[in-house]
Amino acid sequence: MLEKITLQPAIVNALQHGTTAERNRQEDAIASMLPDTVAVHLVPRNSAGALVPGAALDPAGLEYVQRAISANTPAAPEFQALGTPSEHYDMAVPVRDQTQKPLGVLLVSFSPAPLKTRLEQSLPSGGYMELQQPIAGAAAQTVLTAGEPAATEAAIVTSVVGNSRWTLIYQ
């Protein structure tokens with residue numbers, strides 16, 4: 001869905017020629033289309049190609065966006081602000097003009113609550129699942145859980161989730 005949004009002429013124009021107010025209007029419009037959105041940022045590039053983040057973009061979000069634009073492909077979803085009231089996961093997609101020149105990035109932050117609900121709904125009775133995300137320079141960190149871990153040595157199935165950096169553990 002985010003990739004389709006980045007193709008809309010109004011989004012391209014907002015990053016190419018739009019003012020901050022126009023980008024804010026487009027961010028609001030995008031947020032109204034996507035359920036469970038915490039924040040939306042259209043992050044333009046300047047004439048030198050550097051990102052021009054808005055004041056509302058935190059350092060972790062900026063670092064995530066920079067990785068997305070350097071890869072020039074949609075970034076894998078990533079949890080931010082773990083263990084805090086503002087915990088969320090981000091998804092970023094580069095925005096390009098008609099000639100495929102990168103104009104900036106669409107960054108959308110989502111509440112983890114619906115993702116946790118889906119995990120809980122897919123959990124068989126007596127099962128346990130956890131979603132893990134690798135942390136730079138450290139072991140993977142658990143970002144969501146559902147159910148209770150088995151007290152005995154139960155079989156464990158590990159699976160990478162789509163094109164994300166997330167791993168799902170099932171017990």
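**Note on strand E4 and its partners**

1. Within E4, Ser-109 is the bridge partner of Asp-90. The two strands concerned, E3 (residues 88-96) and E4, run antiparallel and are joined by eight bridges; strands count as paired if DSSP finds at least two bridges between them. In the E3-E4 hairpin, five residues lie between the strands, and Gln-100 takes a positive phi near 75 degrees.

2. This is a predicted model, in which local features need pLDDT of at least 70, side-chain atom pairs count only at pLDDT 80 or more, and totals for chains, interfaces and linings use all residues. Residues are numbered from 1 along each chain as its sequence is written, and side-chain values use heavy atoms, with hydrogens and water left out.

3. E4 also pairs with strand E1 (residues 37-44), in the antiparallel sense and over seven bridges. Here Val-43 stands opposite Val-105 of E4.

4. Strand E4 (residues 102-110) is largely enclosed by the rest of the structure, because eight of its nine residues are buried (under 20% relative accessible area, 1.4 Å probe, protein chains only). For the chain, buried residues make up 38% of the 171 residues.

5. The chain has five helices and eight strands, taken as DSSP runs (helices H or I, at least four residues; strands E, at least two) and numbered from the N terminus. Their order from the N terminus is α-α-α-β-α-β-β-β-α-β-β-β-β.

6. Along its principal axes, the C-alpha trace spans about 60 × 35 × 30 Å. Of the contacts (heavy atoms within 4.5 Å) with a separation of 6 or more, 49% involve residues 24 or more positions apart.

Technical notes:
Buried means under 20% relative accessible area, exposed over 50%, partly exposed in between (1.4 Å probe, protein chains only).
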